[in-house]
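Q: I would like to learn how to read a protein model, one feature at a time. Could we begin with the general idea each time and then turn to the case at hand?

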Protein chains: 2
Amino acid sequence: MELALLYSGGKDSSLAALTLDRFYDVTLVTAHFGVTEEFENARSAADALGFPFDTVELDREVAEEAVDRMLEDGYPRNGIQRVHEHALEVVAERDVVAVADGTRRDDRVPTVSRATAQSLEDRHGIDYLSPLAGFGRGAVDRLVERELDVETGPSEEIARADYEGELRELIRERGGEEAVATVFPEHDQTIVRGLA
Amino acid sequence: MELALLYSGGKDSSLAALTLDRFYDVTLVTAHFGVTEEFENARSAADALGFPFDTVELDREVAEEAVDRMLEDGYPRNGIQRVHEHALEVVAERDVVAVADGTRRDDRVPTVSRATAQSLEDRHGIDYLSPLAGFGRGAVDRLVERELDVETGPSEEIARADYEGELRELIRERGGEEAVATVFPEHDQTIVRGLA
């Protein structure tokens, strides 16, 4: 059974892939807007984990709307949520039995409500899976430590492929580094280098 | 890493076991009140799947409270929820890194909220996992079809070990078959016979 997993190259979506590997033919799919080449980092992570990899291009208009929203809000939550929902819609168009992502129990964003999940399933005739929805932060950290080789650093240095890099770039074009720093507070990100 | 999974011998908790098997040393644990011997059916299912099996005895007072509540309500939901939360508390006392159950995204009962999960984790120093929390009914059905050999039938004939049989027995002692039929509408259950 073919499954497409929205993939950033980070620890959550990588762990989600390992969880589903027993049941599905998993392809890791990175969604991007054609703004940066950061999806190549996700490809490297997928290769290192031994999963097939593909990309899908998202609607640039959605990125612009998300940037408008983030600049207005002064924080990224609603913009990221909008982009994630759009990415799920696009990946659900693939010829697969199921789509999945790496959202966790304790994530604040993106989140996919039960109603959103069921709507996606009904409209596209696929199953939507969030295999880490029942895993808390502690469990994810412990499993990542055992299962994955990860590199952690500030988000401006670690080039993951989870929309954030591209959205930062679009915000930079509009308002420079200052706007980026306002919307995205400094935080660490991880990229997966391979299995532990 | 040792993990104790609350186990009924049914399809959901069996599928949960397969999901976690890659990451943990899973023991299937059936919680019971010492009312019936239905836990032996869960032991047979665990043996057929090749997992270690154990039982824990729950507080009989909780069963009586649950029965009071179910008779008062005329439906089982709140009573089952009370028993499930108690069972999680008891199994979390074991010498394990994590406890888990088979609750699914689309279950109405039992449910374990994020707050309840975090409280359980903090008080017992364990991780709580619900590996099917991100799986809808359709995905579970498709995976069960491929992975498990199951037998389905009316709940009075299929002797699973998910508290329901014992609670039915306690209700029968108080109000006879009529009371059982009032609280538990007829529905099908499944018990797992082995891997597909």
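A: Let us start with accessibility: a residue is called buried under 20% relative accessible area, exposed over 50% and partly exposed in between, using a 1.4 Å probe and protein chains only. By that rule Glu65(A) is partly exposed, because its relative accessible area is 38%. Please keep in mind that this is a predicted model, in which local features need pLDDT of at least 70 and side-chain atom pairs count only at pLDDT 80 or more, while totals for chains, interfaces and linings use all residues. Residues are numbered from 1 along each chain as its sequence is written, chains are lettered from A and ligands numbered from 1 in the order in which they are written, and side-chain values use heavy atoms, with hydrogens and water left out.

Q: With which residue does Glu65(A) form a salt bridge?
A: In general, side chains of opposite charge can pair when their charged atoms come close. The rule used here asks for a side-chain nitrogen of Lys or Arg within 4 Å of a carboxyl oxygen of Asp or Glu. Glu65(A) forms such a bridge with Arg82(A), the closest N and O atoms being 3.4 Å apart. This pair links distant parts of the chain, with Arg82(A) in helix α4 and Glu65(A) in helix α3 (residues 60-73) of chain A, 17 residues apart. Helices (H or I, at least four residues) and strands (E, at least two) are DSSP runs, numbered from the N terminus.

Q: How should I read the interface between the two chains as a whole?
A: One way is to count contacts, meaning heavy atoms within 4.5 Å: 31 residues of chain A are in contact with 31 residues of chain B. Another way is buried area, which is the accessible area (1.4 Å probe) that two parts lose on being put together, summed over both. Chain A and chain B bury about 2,700 Å² between them, 53% of it on carbon and sulfur atoms. In chain A, Arg22(A), Phe23(A) and Arg105(A) lose the most area to chain B, together 24% of what that side buries.

Q: Which residues of helix α6 of chain B are buried, and why do they line one face?
A: In helix α6 (residues 137-147) of chain B, the buried residues are Ala139(B), Val140(B), Leu143(B), Val144(B) and Glu147(B). Seen down the axis of α6(B), these residues fall within an arc of 130 degrees, so they line one face of the helix; the arc is that of the directions from the helix axis to the C-beta atoms. They pack against β5 (127-129) of chain A, together with α1 (11-20), β6 (148-154) and β7 (188-195) of chain B.

Q: Is Ser13(B) buried or exposed?
A: Ser13(B), found in helix α1 of chain B, counts as buried at 5% relative accessibility. Leaving aside its neighbours within four places in sequence, Ser13(B) is in contact with Leu5(B), Leu6(B), Tyr7(B), Ser8(B) and Gly102(B).

Q: Where is Glu93(A) placed?
A: Glu93(A) is in the loop between α4 (77-91) and β4 (98-100) of chain A, and it is exposed, with a relative accessible area of 59%.
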